[in-house]
Amino acid sequence: MENFEREQLVNMILAPYVQKATALRGIKRHVGGNQFRHALSTYAILIDYHYVDQVLLKASVIHDIFEDVRCISFDEIRTLDKDGPSVLQLVLEVTKKKEESKDIYLERLLLHGSENAKTLKCADRISNLTDLHPDIFEKEFIKRYIEETRKWVIPMAEQVNRNMLYELEDLLHRRETLLKFTASIWPFQRKHD
């Protein structure tokens, strides 16, 4: 970590966003754990890629809040601190609207999303792919998720961060290899809940 990055992080007040994100602890993930851990994983991935933009990092901690939790309002986020309005705007940008299909949502981000929205979606997808295990998810779900990533998220990574692109491509390759291997030795597939 460079000194300027450290200084940016030292001056960032993250606690109010982490406190809001704790509402995600009750939302279980199919891989175990909960959405709170996923949010922190997404944050850690951004730090690993040297992102120190405070709005991006704060949004990463609560990026799934409106999809997964119904008891938090826009005003609660908007008034957390001076970055609240910008954080809210970014979180809403990466939130799938109820009326959107997954493809329409991802197309919207790819074609019209801000650089921060695309970067956040790439970090989110890295976290999700890391947790995509063939002993937990149905083979067809994994195949669809891989194809969805190729179609929509890989082009986002091409636009915002080459190193994220390489990690996403590596994760896709590993998941495909693992699928082939487990298909030959694993006698059953667990259904996606």
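Me: Which residues touch the most other members in the largest nonpolar core?
Reply: This model is predicted: local features need pLDDT of at least 70, side-chain atom pairs count only at pLDDT 80 or more, and totals for chains, interfaces and linings use all residues. Numbering runs from 1 along each chain as its sequence is written, and side-chain values use heavy atoms, leaving out hydrogens and water. A nonpolar core is a set of buried Ala, Val, Leu, Ile, Met, Phe, Trp, Tyr and Cys residues joined through side-chain atoms within 4.5 Å. The largest one has 59 residues, and the members touching the most others are Ile-62 and Met-164.

Me: Which helix gives the most to this core?
Reply: Helices here are DSSP runs (H or I, at least four residues), numbered from the N terminus. With 10 residues, the top contributor to the core is α10.

Me: What does Ile-62 contact beyond its neighbours within four places in sequence?
Reply: Contact means heavy atoms within 4.5 Å. With those neighbours set aside, the partners of Ile-62 are Tyr-17, Lys-20, Ala-21, Ile-77, Val-87 and Val-91.

Me: Where does α10 bend?
Reply: α10 has 22 residues and spans 30 Å from first C-alpha to last, close to the expected 32 Å. That expected span is 1.5 Å times one less than the number of residues. A bend is the angle between axes fitted to the seven residues ending at a residue and the seven starting there. In α10 it is about 40°, at Arg-150.

Me: Is Pro-134 buried or exposed?
Reply: Pro-134 sits in the loop between α9 (115-130) and α10 (139-160). Buried means under 20% relative accessible area, exposed over 50%, and partly exposed in between (1.4 Å probe, protein chains only). At 9%, Pro-134 is buried.

Me: How is His-50 classed by its relative accessible area?
Reply: His-50 lies in the loop between α3 and α4 (54-61). Its phi is near 70°, a positive value in a residue other than glycine. With a relative accessible area of 46%, His-50 is partly exposed.

Me: Which element gives the largest share of the lining of the largest pocket?
Reply: On a 1 Å grid over the protein atoms alone, a pocket is an open set of points where a 1.4 Å probe fits, with protein on both sides within 12 Å along at least five of seven lines; lining residues have an atom within 4 Å of a point. The lining of the largest pocket counts 26 residues, and those nearest its centre are Arg-29, Gln-35, Lys-102, Asn-128 and Tyr-145. Elements giving two or more residues are α3 (35-48), α5 (65-68), α8 (102-112), α9 and α10. The largest share, 5 residues, comes from α9.

Me: What covers the buried residues of α8?
Reply: The buried residues of α8 are Tyr-105, Leu-106, Arg-108, Leu-109 and Leu-110. Their cover includes α7 (84-93), α9 and α10.
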